[in-house]
Each structure stands twice: as C-alpha cells, then as structure tokens.
Amino acid sequence: MIPIENFLVLSAILFAIGFYGVLARRNAILILMAVELMLAGVSINFIAFATYLDADAFSGLVFALFVIAVAAAEVGLALGVVLRLFRERRTANVDEADSLKW
Amino acid sequence: MFDRLPLPSQFDRVIVAGGTVAAIVATPVLVVLLALLFSDVISGPEFVFYLAAIVVVSGALGAVLMDNVVHAALCLVATLLGVAGIYLLLMTEFIALVQVLVYGGGVVILLLFALMMTNAAEDPIVTDGSQKPFGFLVAAIMGSLFVAALLDAQWGDPTANVVPFVDFGTRIFRDFSVPVIVVAVLLDIALTGAFINARRAEEAPRERAEAERAGEARS
Amino acid sequence: MTDILGNPLNMQYELLLPEIILALTALAVVFVDAFKREFNVGYRALPFLSLIGLGGAAVATVLLMNDQGDFARLVEVDDFTTFFRLLFISTTAVVILGSWEYIEEHVNHVGEFFGLLLLSTIGAIYMAAARDLLTAYLAIEVLSFSLYVMVSMARNDPRSGEAVLKYILLGGVASAMLLYGLSLLYGVAGSTQYSEIGEALTGGSGDMELALLLGFVMIVSGLAFKASAAPFHMWAPDAYEGAPWPVTAYIATTSKAATFALFLRWFAGPLLPAVDDWAWMLASLAVVTMVIGNLVALQQHNLKRLLAYSSIAQVGYLLMAVAALSTDKGSETAGALLVHLGGYLITNLVVFIAIIHFYNREQKEEITDLKGLAQSNPYLALVTTAGLFSLAGMPLLAGFFTKFILFQAVADAGYLWLVVVAVVASTVSLYYYLVVIKQMYLYEPLAEGRWRITPTGYLVTGALFVVMVVLGLWGTPLYEVADAAAKALFISA
C-alpha cells in the first residue's frame, strides 16, 4: 500500500505550483488555470484522507466531487467575464485593466 | 498516398523539440523507476504512483511556466489526466471518471476556446508579471512548509477500501441532500453570470461616440 | 431514515421553509421579468414580488421559530440561525426598498439582479446555519458567485468588468486556500461534521499539530479574504467601486455579516478547543486590519472607496471579538459581536441608502460632490451625518452603544491592548468621516435650489434613522436577542 504521505506531498507541491502561477501570470485565463491546479491539489488531499482515514463515511469523496463541480462553474463564470473584458478593452491581461487604483 | 501525410518538418517545431526533450528526460527516470521496481525497493502501485506524479508535476510546471498559452493549456490537460490516475490509485474510479469527463472534456475545451477568442490566436506568446522572483520565493516557502507539516504529522492507520458506486450514490443523494440542492443553485447562478457577461451588452451612447471618433482619427 | 453510518436523519422540510420560499420567489421574479410583456406588468412588479417573498420568508421564520433542530445533520436551525435569517432577510429587503429606483436606472438585467439578490440571501443564511463543512463551503460559494455576478451588472460603467475580474480571480484563490485548510482539518478530525470535528479537537491534535496549525492558517486566510480583512483586502475597494451602489451596500452588510456568522459557527463551535492555535492569528489580523483600513481611508476621494476602507476598518473591530472568544466567557463575547453586527448593519444601511438617493439625483460619487448638501437637501445631509457619526462611534447613536459593548467584552476577555488599538483607530476614523460632513455643511452648493427624494426614500431612510437613534438610547432588545442567539451557539457546539 502506498503511504498516505506520498499523496499529501504531491498535493502540496501541486498547490504551491498553482500558487506560483497565480502570482507570476498576467493573463487572466492562465491565472484561472493556475487556480485549477490549486483545486486539483485540494481534491487529492480530500480523496487521500477519505480513502485512508475515513473509509466508512468517505465524506471527503463527496467533498472532492463538489469541489470539481464548483471549480467547473467558476471557470465558466470567469471566462464569461474575461470575454466581456476583452471585448471592452481588447486585453485579457490583469494588469492592463488598471483604471481602478487605490 | 504517402505524400499526403504531414512531414515532420511540418509539425510544430516546439512540439517536436518538446517531445524530444521529454523523451530524453523521461527515459532515465523510467529506467531508474523500473530498476527500483524490479529490485523490490518500491512496490507495483508505488511505481504507478511515481509515474503519475511525474506527469502531474511536470505538467503543472509546464502550465505555469510555458510562454505559449496553447502549450500551457495542453500541459494542464496532462496534469489533470495524471490527477485522474492518482484518483484511480486511491481506489475512487468514480471521481477519476468525473475528473476526466469534466476537466478533459469540458473545462480545458472551455479554456482553449477562451484563449482562442482572446488574443491567443494571433499572438500566443504571453509575458509574465514582474513579480516572478517574488512569486517563486513565496510559492517555494509555502510548498516546503506544507511538505514539512504534512510529513511531520502521524496520520493514523490507513483503512483504505473500495467504495461501491451504490454507496457513493446513497451517500450523495441521501446523506448530503442539502449540498446537492445548494450546488444546483450555484450552477444556476454561474450560468446566469456567464451569459450576462458574455452576451454583448448595449453600448453606452458616450462610449460608442468615442469609439467612432477614435476610428475616424485612425483612418 | 438513517445515513450510511447509521445515524438517524431528520428530514423535516419545514425547517428549510424560509429558504424554499426565497428560492421560489427568485424563480418567480426571473420568470415574471422574462414575460413582462405577456403579463402586462411594469418594472415595479419585480421589487414588489421580491419584497413579498422576503416578507413571506420572514413570517415563516418567525412562525417556525420554536421548531428547532437539525436537517439531516447538514443544517442547524436554532436561535442563532433565526437571528441571522431575520437579519439577512431584512437587510435584503431594506436594500431593495432603498434602491429600486437606482436599480431600474443603473443595472443591466434587472430580473436576474433581484433573483440573485434573493439567492445570495439563501447563501448567507446557510453560512450561518450550516453544521457540516460541505454545506458551509457551498453556501460561501453561493454568496460569492452571486456577488461576482451582481458586481458585473452595472450598466454603462466601464469599471464594472474590471472590478469583477479582479474579484473573481482573487476570490477563486481565496476559496482554494480555504479549501486546502478544510481538507487538512478533515484529515485531522476525520469528519466534516462540526460536532465530530469538535470532539476530535477536544482530545488534542496529538501528532498532527503542525498540520492542524497549517490548516488554521489557510482557513483564516480564506475567511479573512471573504471578510476583506487586511492584508487580504485588495479586492474590496475595486469591487466596491465597480459595483452598482446597492451591491456595494450589500457587500458591506450581508456579505460581511455572513462571514462573521461563519466565523462564530466555526471558531465558537468545533474549533474552540484549539483556541490557542488561532487566537493570535485573528488578533494580529485585527490589528493590521484596523491600522491599514483607517490609514488608507484617510487618503480617499471617492465615496465608494472611502466606505470600502471604512468597512475594512470595521472588520478589524469585529475580528477582535472573534479572537477574544474563549471557552469560559465565549457566550458574552459572541453576544457582543452579534450586537455590534446588528448596529454595524443598520448604520451602514443608513449611510448607503442616503448616498444612493443622493446619487439618483446627482449621478456623482466623489466626496467633493457632496458640497453644500446641507442647503440643497438638509434632510439627506442630516441622515448621512448621523450615519457617519454612528460609524465613527459617537454617543447617542447605535454605533456607540454596540461598539461600547463590543470593546467591553473584548477587554473582559483579557485583550485590553487590542481595545486600546481599536479606540485609537476609531478616533482616527472620526477624521475622515468629518471630512465628508465638512463638505456637506461648510460649503456652498454647486447648483442653486432644493430638491427632494422619493417617498420610499423618505420612508426607508427615516425608519432606519429612527431605529439607529432608538438603538443608541435603548439597546436592550437587540442585546437580549443577540444574547439568546449566542447562547444557542454554545449549546449546539
């Protein structure tokens, strides 16, 4: 049996890579992709805990399923906004949308 | 007949180069892993885990590092499929299935469409923000703290077993009835938001006048 | 019916009746809006219908007040839930009543707007009512998603799209962080039920201390974002400025109150045994928030941004009370927090509704645009001034009474130094409120002539004003209700 730590470390690495993407990227769609990576890390965590430590009730599995649903909905909503902003400003970069300051 | 097949020179050069590099890097890793497997240092499932983990991590790195947005999106696909493999290793076929269907079939297509509809089609190369070193530092600290904390903990005794589909369905639709209803409301809201934003809104008279003036000035 | 572990499930649907009414009303509003021409009704039918639905939900809440219990181990209906149900329903009703003229003029897709307002109220209520992490998480997302969409609905405002993009991206990151924290909490406790998490943490976290601490850091960061506490407040001024005014008011009131309801449900309930792990985080967040919120507010020239930073500063005071929760005196502190939440909501609504009516007339939102309001509309100037004074915590108004109770409770809990910081911060806050008041009273108006606001405007602002003053002089009813709600919180935990 694979030790649970393997999965947890993988999820931590995935989460950190996603966080780096959020900080470093400028394009809104690429930031969204980085958020998806973070959420994938979260799902791995939930599923690992559910199968290893909570096998009778497996609430974590249900949680991970809902996380996937919410993440997909979020992508849909955010892409709608990105398209709208692109139509208004001809850019999908976050830091070119800068009329709101301080 | 054969002259209709695309020649290697017509392939996207990046794909060929990337594939070559990936093959050169992956071969020794694969060899090492196979050696470990056959010398019984790691078990069969662990071998699969490490393979999937390599796909996941390298795909994730590609998704946040690549300059070409389409390549980044394809790396994301690799990661998400690798994550589905991890779910299989965790004995949850159902969520692996959902992962492949929702992400591979839906989300990534959506992302690619959005990339194509914004400037990515003409100019797929993006520049990253100036806070890259800072971001790297923060993410590295965060990741190492996470790993340290997770390895520090003693997680009790694992009791993994396969969850039958029937139990899974009962659990969702009977025990978690309220979340199912609430997530339905949530999807409804997201749908409303997406069509409200993506639909062309009526332009303000002032903006339209300005746009016309700008157009005249340019011509 | 029992769940998979054999626990009995209570499927008593009347426990969820108020939310069911709200959801059906939301559907009806969208439907009526889509077939306006066929039904031969005008715009006014939409706010009217929404208000009827909100009234029905409030009546259902009051009638079923004594019908308490949990629904399928997912939602807890007790005095705490009832308190927040009434609070959120009335806040939404006041926002609709106070700004329906504005909404017709400045909001795209009015039918969907009212529908989302009602659905987000459900999200806010379930944030207060959840007794399972999954329900709580989805409630948070329902509220956040509706806010994203509502922020994006400003008509002809180029700032709107940009505001919502920033809000949605940062919100997604914050949700991911919150979720990571929840997953660690789930790993440590082995369950998503509040009661079982509480039991697991009471036994001590044992060998998982670092992981638990990390979980708390992530949970607190995620929630601090939702409450717009510094340093996670970057989205707030932008979202406030880009949103239509009623949505700004809604974010400043319901969204904040819902986050604090969730804070109380978690930190006074299942997470209370681990108080030593998180109290310091919340205390330091509170200090940073109070300092940054008040100092940056000093430099603002846009009314929305000023109110954004002022509400950030207010979050600092509220966080203080969460940090001061403790096992022996927790009920008093939680009660004080609820009292202050009530006072904060009413005061903010007074200011926002008054300024919305100013905007209806002038279409301007810079602080200097308020010049001479005392001459052109003395009533509105008086109401705004009273509201701003109440936000600053001047005696005789609700803001003073509730803030006094809050500070006293925090000091009693042994956080005197936090109270000292808070008092200094409130003094600073008086300055920027006075800047606004100075504009209204000391300058000549830009245009001659007096003007009036609409009858519903007088009605709403007048009623809120009276409540605010009465609460400042005689706050016992609010105090008693909040006390009962806080007690319920500690019984169910």
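This is a predicted model: local features need pLDDT of at least 70, side-chain atom pairs count only at pLDDT 80 or more; totals for chains, interfaces and linings use all residues.
**View 1. Chain C, a chain in which buried residues make up 64% of the 493 residues.** Chain C holds 20 helices and two strands. Its C-alpha trace spans about 70 × 60 × 40 Å along the principal axes. Why does the radius of gyration of chain C agree with that of a compact globule? A compact globule of 493 residues would have a value near 23 Å, and chain C has 22 Å. If you follow the contacts in chain C between residues at least 6 apart in sequence, 81% of them join residues at least 24 apart.

**View 2. Helix 2 and helix 3 of chain A, packed with their axes 8 Å apart.** Two packed helices are described by the angle between their axes and the distance between the axes. Here helix 2 covers residues 28-53 and helix 3 covers residues 59-89, and the angle is about 175 degrees. Angles over 145 degrees count as roughly antiparallel, and helix 2 and helix 3 of chain A are therefore roughly antiparallel to each other. To find the contact from helix 2, look for residues including I29(A), L32(A), L39(A), F46(A) and A50(A). From helix 3, the residues in the contact include L61(A), F63(A), V67(A), V75(A) and V82(A). By class, this contact has 18 nonpolar, three polar and one charged residues. E36(A) and S43(A) of helix 2 also take part, as do S59(A) and G60(A) of helix 3.

**View 3. The contact between chain A and chain B, with 61 residues from chain A and 73 residues from chain B.** Which helices of chain B each supply at least two residues of the side that touches chain A? They are helix 2 (44-65), helix 3 (69-89), helix 4 (93-117), helix 5 (132-152), helix 6 (165-175) and helix 7 (177-198). Helix 5 of chain B gives the largest share of this side, twelve residues. Sorted by class, the residues on the side of chain B that touches chain A are 53 nonpolar, 16 polar and four charged.

**View 4. L111(B), a residue of helix 4 of chain B.** Is L111(B) buried or exposed? It counts as buried because it has 24 C-beta neighbours inside 10 Å, where 20 or more are needed. Leaving aside neighbours within four places in sequence, L111(B) is in contact with A73(B) and, in chain A, with I29(A), L32(A), M33(A) and V75(A). V70(B) is 41 residues from L111(B) in sequence, and their C-alpha atoms are 9.5 Å apart in space.

Note on methods. Residues are numbered from 1 along each chain as its sequence is written. Chains are lettered from A and ligands numbered from 1 in the order in which they are written. Axes are lines fitted to C-alpha atoms, for helices over the stretch in contact, and angles run from 0 to 180 degrees between N-to-C directions. Helices (H or I, at least four residues) and strands (E, at least two) are DSSP runs, numbered from the N terminus. Angles under 35 degrees count as roughly parallel, over 145 as roughly antiparallel, 65 to 115 as roughly perpendicular and the rest as oblique. Two residues are in contact if their C-beta atoms, placed from the backbone, lie within 7 Å. Ala, Val, Leu, Ile, Met, Phe, Trp, Tyr, Cys and Pro count as nonpolar, Asp, Glu, Lys and Arg as charged, and the others, Gly among them, as polar. A residue is buried if 20 or more other C-beta atoms lie within 10 Å of its own, exposed if 12 or fewer, and partly exposed in between; C-beta atoms are placed from the backbone. The radius of gyration is taken over C-alpha atoms; the globule rule is 2.2 Å times the number of residues to the power 0.38.
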